[in-house]
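Me: Got a model open here. Can you walk me through some ring contacts and burial?

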Amino acid sequence: MRRVRALGAAAAALVLLLAGCSGDGGDSDGRITLRFQSLAWQQESVAANKELVAEWNARHPDVEVEYVQGSWTSVHDQLLTSFEGGEAPDVIHDASDDLADFAYGGYLADLGKLLPRRLRDDIPQASWDTTTFGGKVYGVPFLQEPRVLIANARWLKESGVRIPTPDKPWSWPEFRSVTRELGAGKGRFGVAWPLKEPVSATLNLSLSAGGELFHRRPDGKAEIRFEDAEAVVPRTVHDQVNVDGSASGATLGMGGSDTLPGFFGGKYAMVPLGFSYRQQIVQQAPKGFDWQVLPAPAGAEGLAQGVSPQTLSVAEDSPHKKEAAAFIDFFLRPANMVRLARGDWMLPTGKEALKDPALRTAKDDWATGTALARHLRPAPAQSVRGYPEWSDKVATPALQEYYSGAIGLDELRKRLVKDGNLVLRRYQR
């Protein structure tokens, strides 16, 4: 799962120094060496990645893959430094919403003709759309994570509210009503929204209500429009915090992990989190704590929500693109994709992998997450030039102020649209 990017040039250089230089990617005996930079960080995930690299090396003595450990917190700046310095890994693990600048900058190889049909056909087009820029494919999307509600199962049962399922989810108005029921007069909040980074959560969940925010004009350029559909999710969160008192204002500045102690301690009945947070809950929850995964609320577009899958790309400067693509094909065979998904507690993009019984069990609510896979869509803004600046300088402070009650909906709309379009125009001249 992507984490916050923050790295100075010195730290990036240190990562490159530790990783080493691959030179021309070949040894004196003619054996090819590929450097694979992985961002796996959970113990199970790192183990699965290293096991697959070892299996490849055992079967391909002429093409050795060297495992290089990267970090989500530093990947963007580290990759930029390595690209500009001619030191990029051959195979690159990243996320789709980080690829646009690298793709347009000429740092990533077009994989369109390098990947076998098996892999191309196994991954749905909606997933490929997350890594396609200007008609070219710059990454293979392989892991994805829906946002779900993690709930205190005992409180849900005791409250008598209707328990949502992927077939019959809560609507956004029903969700607001349920949080009032779960929190009113009980000395707790119905929900805790961890919105330290509010933009991604707001935009991705807004797809369920038909809110895209970024719209394409006839000339192909993007513009921001904040209409009724875009307001559904922000208004729900705002009103839960500032009108109903069913959501905790104290958690608005928290990350997802920060809310777990309060969740376990009885402060909140539900927390909207990424699907992979189940691992932390399994590891950290008090003995006997009964929790349950619920689908996120649905709107006019059902359970649709945006995602930015984890990806594998090939550096444009790699002298061994064909071999790198062959490794990716091996790495993402259905059985291997299942191993990677289970290691990261996420969902595979591959249709064959999603059929695996191991991802459809009631234990740890794998089945609930797998049922949501077909509703996942490309994150609304990941291909929009200028989005990072808009997100950091315009949307993040505006949403934070709106959710806290400091500004109203009209002011939020003005900032997102007027100030936002000024930013986009500079990138789309």
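Reply: Phe-36 is buried, because its relative accessibility is 0%. Buried means under 20% relative accessible area, exposed over 50%, partly exposed in between (1.4 Å probe, protein chains only). This is a predicted model: local features need pLDDT of at least 70, side-chain atom pairs count only at pLDDT 80 or more, and totals for chains, interfaces and linings use all residues. Residues are numbered from 1 along each chain as its sequence is written, and side-chain values use heavy atoms, with hydrogens and water left out.

Me: How many aromatic pairs are there?

Reply: The count is 23 aromatic pairs. Rings of Phe, Tyr and Trp (its six-membered ring) pair if their centres lie within 6.5 Å; planes under 30 degrees apart count as stacked, over 60 as edge-to-face and the rest as tilted. Phe-36 and Phe-331 are edge-to-face, because their planes are at 70 degrees, with centres 5.3 Å apart.

Me: Which parts does that pair tie together?

Reply: Strand β1 (residues 32-38) holds Phe-36 and helix α13 (residues 321-331) holds Phe-331, so the pair links parts 295 residues apart in sequence. Helices (H or I, at least four residues) and strands (E, at least two) are DSSP runs, numbered from the N terminus.

Me: Is Phe-331 buried or exposed?

Reply: Phe-331 is buried, at 1% relative accessibility. Phe-36 and Phe-331 belong to one aromatic cluster with Trp-56, Tyr-67, Phe-327 and Phe-330.

Me: New topic. Which Arg lies over the face of Trp-155?

Reply: Arg-188, at 3.8 Å from the ring centre. The rule: NZ of Lys or CZ of Arg within 6 Å of the ring centre and within 35 degrees of the ring normal. Arg-278 lies over the face of Trp-366, at 4.1 Å.
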